[in-house]
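Let's take a friendly walk through a protein model, one piece at a time. Keep the picture at hand and find each part as it comes up.

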Amino acid sequence: MNSLWSITLATLAKDIRLEWRSKDALNAMLFFSLLVVVIFSFSFDPLAEESRHIVGGLIWVAFLFAAVVALNQTWARELRNQVLDAYRISPAPANALFLAKAMGNFIFVGLLEALMTPLFIVFYNLRALGPAWQLIPVAVLGTWALVVNGTFFAAMSVRTRSRELMLPLLLFPISIPAVLGMVQATTAILTGEESARFWIVLLLTYDVVFTTACLALFGAILHAE
Amino acid sequence: MTISDPSSATRSSGCVVVKGLIKQFGRFAALRGVTAEFAAGKFYAILGDNGAGKTTLLRTLAGLSSPTSGEVSILGASPRAACRDIGYMAHPSLLYDEMSGLENLRYFARLYGIAGDQRCEQVIRAVGLDPKLARPVGQYSQGMRQRMSLARAILHDPQILLLDEPFSNVDMHSAREMVALLKSMREAGKTIFLVTHQASLLAGAADEFVWMELGKIVDRTRSIPPDFPAERAQ
């Protein structure tokens, strides 16, 4: 267990260092999300009341699409110079790599959300009528739901010829319950019309189930040829 | 400079055994029933034309490729179970281009539970590089990258070294230095498998030349045959 966390943290630190130096994923995600915010704000010109109903969908779809960029980058850098082989032949546990990658993606997507949310608030003139603090668990659980499956399916698709296409094809259908939970919870909090508790519990359950499944299966994915 | 842990010499009594090894990629058979036994503490040069199955054999010994059928035993265990005793150097560098050599080795050392920088600096010096070189590996020359790749492979002081074309794009002087380093490792009791097209570099260094052709070991000799074409021996 000690070695699992020590290797997880070493791999996470290495990934953050690589991203800091290359900024491949962060730049691409930021520009993509920025475009989505600007294009949507020009396409619709909603009143504040209408915004509360639609922005939950807009914001999470924007983050989902942007996350795919980061997820593809995560494993692509392990394939350059076949560095992943060095991990595969080491005694390091497979789950340490998976956890580090998922945590790294969580940090990158979380950073994106922290930077983009104020823009959404300004462009759509948002003000929550429900308990705004509940947006924090929704963001944390929702982001983890996206990155845990995304990291797993990105690892599955990384050695396929058309990985950029494969990842959304695998990830989006399985993320539907999570996206539904995120959008409904966000809308419920923004409009204050109903409680978001059910959707938060759904997100928590989704996270527990898929994190467990991904951890159980990742070893087979890593060592597959 | 010694680059081996002296206490590890007691572990070097095992050997590598492959039995009826077949590896197919779709309909193409890269290995067609390789059966061989390799003694511990010897230096084996694996030679053969492109497509002979040398790299596939090495990847199978490293545990990176599962055989379609047949068995591989490394020191009496499967390659995965024996991973601490295996050092593998591939044709690509297996290094992160954006990090310096020391940063790379520091990370890989953690995977093997090696703490501190001492061992990393020791192996970097052993391959003739400067541990303080801050340049990212992506800016290294091909020869420096090969040396750093060798440093990564020997970082955890493995009993068995699997080296895939370590001299490609390396100048003759550096290649001879690498051979001298490998000889000293063999003398320290390590078992070395080295795939190369430059057989002449290993004359006097390798204990045995293993000749592969069309996925099979066709011959094992103690020296390069005199009738071996000179241009192939270079």
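A nonpolar core is a set of buried Ala, Val, Leu, Ile, Met, Phe, Trp, Tyr and Cys residues joined through C-beta atoms within 7 Å. A residue counts as buried if 20 or more other C-beta atoms lie within 10 Å of its own. Please keep in mind that this is a predicted model.

## The core

With that definition in hand, look at the largest nonpolar core, which has 136 residues. The residues with the most contacts inside this core are Ala67(A), Ala45(B), Ile46(B), Leu162(B) and Phe193(B). Helix α5 of chain A, residues 94–124, gives the most to the core, with 14 residues. As a general background, nonpolar side chains tend to be buried together in soluble globular proteins.

Which residues is Phe193(B) in contact with, leaving aside its neighbours within four places in sequence? They are Tyr44(B), Ile46(B), Leu58(B), Leu61(B), Leu161(B), Leu162(B) and Leu163(B).

Chain B has six helices and nine strands. Buried residues make up 46% of its 234 residues. Among contacts in chain B between residues at least 6 apart in sequence, 69% join residues at least 24 apart.

Six of the strands form an open sheet in chain B, in the order β5-β6-β7-β3-β8-β9, with mixed pairing. Its edge strands are β5(B) and β9(B), and each pairs on one side only. Neighbouring strands in this sheet are turned by 20° against each other on average, direction ignored. Helix α4(B) packs on the sheet, where it touches β5(B) and β6(B). The direction of α4(B) makes about 165° with that of β5(B).

Now zoom in on strand β3(B). Why is β3(B) described as largely enclosed by the rest of the structure? Six of the six residues of this strand, 43–48, are buried, so the rest of the structure largely encloses it. Phe43(B), Ala45(B) and Leu47(B) point one way from the strand, while Tyr44(B), Ile46(B) and Gly48(B) point the other way, and all are buried.

Strand β3(B) has a partner in β7(B), residues 191–195, and another in β8(B), residues 208–213. It runs parallel to β7(B), joined by four bridges, and pairs in the parallel sense with β8(B) over five bridges.

Strands β1(B) and β2(B) form a hairpin with two residues between the strands. In this hairpin, Gly26(B) takes a positive phi near 65°. Ile22(B) stands opposite Arg32(B) in β2(B), and Lys19(B) stands opposite Glu71(B) in β4(B).

| Strand pair | Sense | Bridges |
|---|---|---|
| β1(B) and β2(B) | antiparallel | eight bridges |
| β1(B) and β4(B) | antiparallel | five bridges |
| β3(B) and β7(B) | parallel | four bridges |
| β3(B) and β8(B) | parallel | five bridges |

## One face of a helix

Next, turn to helix α3(B), residues 118–126. Its buried residues are Arg119(B), Cys120(B), Val123(B) and Ile124(B). Where do these residues sit around the helix, seen down the axis of α3(B)? They fall within an arc of 135°, so they line one face of the helix. The cover over the buried residues of α3(B) includes α2(B) and α4(B). Just after α3(B), Gly128(B) takes a positive phi of about 85°.

## Where the chains meet

How many residues of chain B are in contact with chain A? There are 25, and they touch 22 residues of chain A. The elements that give two or more residues to this side of chain B are β5(B), residues 86–89, and α2(B), residues 101–111. The largest share, four residues, comes from α2(B). By class, the side of chain B that touches chain A has 15 nonpolar, five polar and five charged residues.

## A stop in chain A

Our last stop is His223(A), which is found in helix α8 of chain A, residues 197–223. Is His223(A) buried, exposed or partly exposed? It counts as partly exposed, with 13 C-beta neighbours inside 10 Å. His223(A) and Asp85(A) are 138 residues apart in sequence, and their C-alpha atoms are 9.2 Å apart in space.

Conventions:
Residues numbered from 1 in each chain as written. Chains lettered and ligands numbered in written order. Predicted model: local features only at pLDDT ≥ 70, side-chain atom pairs only at ≥ 80, totals over all residues. Buried ≥ 20, exposed ≤ 12 C-beta atoms within 10 Å, placed from the backbone. Contact = placed C-beta atoms within 7 Å. Pairing = 2+ DSSP bridges. Nonpolar A, V, L, I, M, F, W, Y, C, P; charged D, E, K, R; others polar. Arc of directions from axis to C-beta. Axes fitted to C-alpha atoms, helices over the stretch in contact; angles between N-to-C directions.
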